[in-house]
Structure formats: C-alpha cells, structure tokens
Amino acid sequence: MEAVRYADGTIGFPRHHLGLDGNEPVETVDLSEYTATVVTWTTSTATPPGVREPNHLAIVEFDLEELTDPDDPPVRALGQLTTGDVESGDTVQPVYAEELREPGVGIKLTESQAWDGFRFEPV
C-alpha cells in the first residue's frame with residue numbers, strides 16, 4: 001500500500017505524478033506499516049459480479065503524525081473491511097489480500113487486472 005511524499009512534506013495516496021505544489025514525489029511511504037481510523041463505513045449488499053456479498057467498505061484516515069505536519073491534509077483511503085463489525089472511530093490496519101475480487105468475472109480481461117490489494121482489519 002504505497003503512498004508518496006512530496007518535497008513540501010505532504011503525503012499522497014493514491015500516487016499522483018505531481019503533488020499539490022506541482023512537484024514530483026521524492027520518496028515512497030508504505031502505508032501498510034501504519035494504522036488508520038475509520039471515518040465512515042457502509043455495507044453493500046448488491047455487489048457487482050465477482051465482488052463478495054456483503055461487501056463491507058470504509059473510508060479510513062491514516063495516523064501519520066510522525067511523518068506529516070499537523071497542517072498537512074490527511075491521508076485517506078477507501079477500501080474493503082475484513083469484517084462488518086466496525087464503527088466510526090475504530091482503529092484498523094491494512095492487511096494484504098491475494099484476491100479482492102474473483103478473477104475472470106466481469107467485462108475486463110483477467111490478464112489486464114490486478115486482483116490483489118489490501119483490506120482494513122480492526123486492531
């Protein structure tokens with residue numbers, strides 16, 4: 001779960017070629033080493049083909065005080081949860097998942113997609 005740091009100290013996720021100041025990233029930050037706080041969450045019960053049902057999702061805000069200035073914008077991500085047993089304000093951590101969706105289901109070619117990624121698990 002790779003984010004990038006820009007010369008002005010801000011961290012961006014997902015990675016963008018240019019930061020808010022118009023400069024390129026200067027290094028990467030592995031967000032899987034940090035915990036995050038659930039900002040909000042929902043459960044989708046009508047999922048597209050190949051996506052688990054129910055599909056628990058959350059917007060999380062990473063706890064990066066040691067890396068960023070308090071005035072910097074927070075680093076947030078939208079992702080699947082490992083469980084529906086969460087509340088806003090809970091602490092979660094990213095955990096690797098080999099398949100976030102069922103490969104081969106859907107309209108895109110299987111070879112053109114990455115199926116792995118991270119889910120958020122309560123700490």
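1. Pro 54 has its place in the loop between strand 4 and strand 5, where strands are DSSP runs of E with at least two residues, numbered from the N terminus. A cis peptide bond joins Glu 53 to this proline, Pro 54, with omega at about 5 degrees. A cis peptide bond also joins Phe 13 and Pro 14, and there omega is about 0 degrees; Pro 14 lies in the loop between strand 2 and strand 3.

2. A word on the source of these values: the model is predicted, so that local features need pLDDT of at least 70 and side-chain atom pairs count only at pLDDT 80 or more, while totals for chains, interfaces and linings use all residues. Residues are numbered from 1 along each chain as its sequence is written, and side-chain values use heavy atoms, with hydrogens and water left out.

3. Three strands form an open sheet in the order 2-1-3, with antiparallel pairing, and two strands are said to pair if DSSP finds at least two bridges between them. Strand 2 (11–12) and strand 3 (25–30) stand at the edges of this sheet with a single partner strand each, so one side of each is left without a neighbour in the sheet. Strand 1, residues 2–6, pairs with strand 3 in the antiparallel sense over five bridges, and a reader who wishes to find this pairing in the model can look at Arg 5, whose bridge partner in strand 3 is Glu 27.

4. The other sheet to examine is an open one of five strands in the order 6-5-4-7-8, and its pairing is antiparallel. Here strand 6 and strand 8 stand at the edges, and because each has a single partner strand, one side of each is left without a neighbour in the sheet. Neighbouring strands of this sheet are turned by 35 degrees against each other on average, direction ignored, the axes being lines fitted to C-alpha atoms and the angles running from 0 to 180 degrees between N-to-C directions.

5. Which pairings involve strand 7? Strand 4 (residues 36–44) and strand 7 (residues 91–97) run antiparallel and are joined by two bridges; Ala 36 stands opposite Val 92 in strand 7, and Thr 37 has Thr 91 as its bridge partner there. Strand 7 and strand 8 also run antiparallel, joined by six bridges, and Val 95 stands opposite Arg 119 in strand 8.

6. The structure holds two aromatic pairs, a pair being two rings of Phe, Tyr or Trp (its six-membered ring) whose centres lie within 6.5 Å, with planes under 30 degrees apart counted as stacked, over 60 as edge-to-face and the rest as tilted. One of these pairs, Tyr 96 and Phe 118, is edge-to-face, at 5.8 Å centre to centre and with 75 degrees between the planes. This pair links distant parts of the chain, since Tyr 96 is in strand 7 and Phe 118 is in strand 8, 22 residues apart. Phe 118 is partly exposed, with a relative accessible area of 23%, given that buried means under 20%, exposed over 50% and partly exposed in between (1.4 Å probe, protein chains only).

7. The largest pocket has a volume of about 280 Å³. A pocket is found on a 1 Å grid over the protein atoms alone, as an open set of points where a 1.4 Å probe fits, with protein on both sides within 12 Å along at least five of seven lines, and lining residues have an atom within 4 Å of a point. Its volume is the space filled by probe spheres set on the points. Of the 14 residues that line the largest pocket, Leu 78, Gly 79, Gln 80, Leu 100 and Phe 118 lie nearest its centre. Strand 5 (55–62), strand 6 (76–80) and strand 8 (117–122) each supply at least two residues of this lining, and the largest share, four residues, comes from strand 6.

8. How do the residues of the two linings divide into nonpolar, polar and charged? The lining of the largest pocket has nine nonpolar, three polar and two charged residues, where Ala, Val, Leu, Ile, Met, Phe, Trp, Tyr, Cys and Pro count as nonpolar, Asp, Glu, Lys and Arg as charged, and the others, Gly among them, as polar. The second largest pocket, with a volume of about 200 Å³, is lined by residues including Glu 61, Asp 63, Thr 68 and Pro 70, and its lining divides into six nonpolar, one polar and five charged residues.
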